[in-house]
Amino acid sequence: MTKSHASAAQPSTPPAEPGETGCAGGLTVLDPPPDLPGPTDAPDGGADGPAAPSTTVQDRLAGRLSDITSLYEHTERLARARGTTATLDAVLASGAALLGADRGVLVTLLPGGGTGQPVGLGLDRASLGALETVPTEQSLLARLLSEHDRPEQLHSADLADDPAVGARLRELAVHLGLGGAYGLPLATVEDGPLAAAVWFYDRPAQPTDCQRELARHYCEIAAPLLAKQLEAERTLRTTEALRRGLLPDHLPQTPGLRLAARLVPAGLDRSSGSDWYDAIPLPDGTVGLTVGSVSGDGPGAGPGSAPGAAAAMGRIRAALRAYAVLEGEDPVSVLGDLELLLKTTEPTRTATAVYAWIEPEDRRITLAGAGHCPPVLVGRHGAEFVETSLSAPLGMLACWEAPGVELTAGRGDTLLLYTEGLARRCGPTLHAGQANLRRAAADAPRDVRIDPERLCAHLLAVCPAPDASPATDDLMLLAARFE
């Protein structure tokens with residue numbers, strides 16, 4: 001295995017022919033263009049002298065232009081990549097094209113040390129898993145990710161027959177049919193090593209000097225773009241973790257009532273709001289159930305307001321828990337207090353909500369809604385909407401007010417509370433989605449209907465998104481079954 005440093009001489013490679021793919025006829029892509037000979041520069045001093053030198057220079061210039069065009073096309077494709085996964089795939093594919101390689105593997109360096117899951121090109125999951133068994137001291141990727149003494153490149157003409165390669169890597173080269181290999185780090189001065197990629201040939205081979213140079217320039221361009229993608233991904237993961245931390249980490253166990261919940265959050269880069277759910281055990285043995293949704297910075301707010309909406313959701317849910325403990329048996333009062341709080345402390349936001357007060361022993365339900373989707377009561381013979389009075393979302397009118405609804409559930413019935421995102425996922429319109437959700441609950445097999453956990457999973461599975469576009473709304477579902 002050969003290791004190259006900035007000060008070390010590059011290993012010799014066969015000279016590339018003019019016009020060879022990925023090579024500029026001996027010129028590097030950063031060389032200044034040579035002086036073109038004019039008619040008087042011919043060896044005999046005449047305009048009609050031999051044309052061979054001029055033709056050779058023109059061929060080299062044409063090759064150089066081809067190299068620059070190829071590099072531009074690949075970096076343009078990289079710039080169009082959206083998300084870390086697409087960026088890593090682009091790096092692997094473009095690197096292979098520039099090097100004339102057949103396969104490749106790339107890993108990213110995690111902030112706390114260690115590496116992420118490997119990304120492969122032309123390598124299946126089993127092959128990637130096998131490469132992960134290479135000891136660190138033999139790993140080409142580990143050497144390229146080293147904080148100190150990091151090589152500028154690593155290459156081997158034949159992995160299976162290279163004495164500098166460890167025994168395990170030579171064994172895998174034979175098993176996986178890997179010939180030559182060429183690896184590069186992706187690093188920046190500010191961030192240090194970010195990722196490492198190794199490309200493989202299916203036969204003993206090495207890239208030409210020109211191919212190496214193109215690949216190095218490409219990785220120098222890709223590294224800062226990858227740094228931004230990784231930083232954005234880490235920020236998003238942190239925010240999502242904090243967002244989930246604003247919701248219950250478990251549901252209470254109450255005699256006579258079985259609870260289950262599902263949350264599929266939309267990414268904060270696409271979402272325009274934030275949903276909540278909660279199950280609140282009250283001092284008298286009853287339970288308060290609630291789901292709701294907070295919009296961004298007011299009507300028409302866009303995705304950029306989603307983090308703020310998530311923070312507001314946490315504050316509103318905490319306040320609702322307090323109101324439930326104080327006057328949970330009166331859902332209208334609970335939502336009325338929440339309305340006053342919203343107008344006082346969150347004047348640019350709106351929220352939809354439903355709150356249900358449950359007496360498990362008597363199976364009594366008292367609930368009220370504010371601009372929210374009607375709950376569904378799933379019974380032995382089907383499923384029906386629990387129609388709440390039409391009312392505006394909280395924060396929309398000068399004074400919110402709506403009557404409550406009372407009903408008694410049968411033994412074995414399940415009350416479903418859900419948010420608008422789930423209904424819209426189930427149909428082309430909100431109304432159609434609600435109808436499809438009710439029908440899916442009614443048609444669920446009996447063994448599914450009697451288990452709230454399985455019922456939640458079933459409803460998410462049978463209500464696919466109407467198209468393949470990314471979700472812009474959270475999917476929220478809370479199920480309560482009366483035993």
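This report walks through the fold, a sheet, a helix and the cores of one predicted model.

## Overview

Residues are numbered from 1 along each chain as its sequence is written, and side-chain values use heavy atoms, with hydrogens and water left out. Because the model is predicted, local features need pLDDT of at least 70 and side-chain atom pairs count only at pLDDT 80 or more, while totals for chains, interfaces and linings use all residues.

The chain has 12 helices and 16 strands. Both are DSSP runs numbered from the N terminus: helices are H or I of at least four residues, strands are E of at least two. Of the 483 residues, 48% are buried. Buried means under 20% relative accessible area, exposed means over 50%, and partly exposed lies in between (1.4 Å probe, protein chains only). Among contacts with a separation of 6 or more, 70% link residues 24 or more positions apart. A contact is a pair of heavy atoms within 4.5 Å.

Five strands form an open sheet in the order 8-9-10-11-14, with antiparallel pairing. Two strands count as paired if DSSP finds at least two bridges between them. Strand 8 (273–281) and strand 14 (405–408) are the edges, each pairing on one side only. On average, neighbouring strands of this sheet are turned by 15 degrees against each other, direction ignored. Helix 8 (residues 331–345) packs on the sheet and touches strand 10 (351–359) and strand 11. The direction of helix 8 makes about 25 degrees with that of strand 11. Such angles run from 0 to 180 degrees between N-to-C directions, with axes fitted to C-alpha atoms, for helices over the stretch in contact.

Four bridges pair strand 11 (residues 364–370) with strand 14 in the antiparallel sense. Threonine 366 sits in strand 11. Its bridge partner in strand 14 is glutamate 406. Threonine 366 is buried, at 11% relative accessible area. Beyond its neighbours within four places in sequence, threonine 366 contacts Pro331, Tyr355, Ala356, Trp357, Val405 and Glu406.

Strand 12 (residues 376–379) and strand 13 (residues 382–385) run antiparallel, joined by four bridges. The hairpin between them passes through two residues. Glycine 379 has glycine 382 as its bridge partner in strand 13.

## Helix 5 and its two sides

Helix 5 (residues 167–176) has four named buried residues: Leu169, Leu172, Ala173 and Leu176. They lie on the same side of helix 5 because they cover an arc of only 105 degrees around the axis. That arc is taken from the directions from the helix axis to the C-beta atoms. The cover over these buried residues includes strand 2 (103–108), helix 3 (125–131) and helix 4 (140–144).

Exposed Val174 and His175 are on the face turned away from the buried side. Glycine 177 follows helix 5, with a positive phi near 70 degrees.

## Cores and cysteines

The largest nonpolar core has 47 residues, and Leu289 and Ile358 have the most contacts inside it. A nonpolar core is a set of buried Ala, Val, Leu, Ile, Met, Phe, Trp, Tyr and Cys residues joined through side-chain atoms within 4.5 Å. Beyond its neighbours within four places in sequence, leucine 289 has contacts including Leu259, Val354, Ile358 and Leu478. Another core, of 30 residues, lies apart from the largest one, with Ala197, Tyr201, Ala205 and Tyr218 among its members.

Cysteine 219 is buried at 4% relative accessible area, and cysteine 456 is buried at 0%. The whole structure has zero disulfides, a disulfide being a pair of cysteine sulfur atoms within 2.5 Å.
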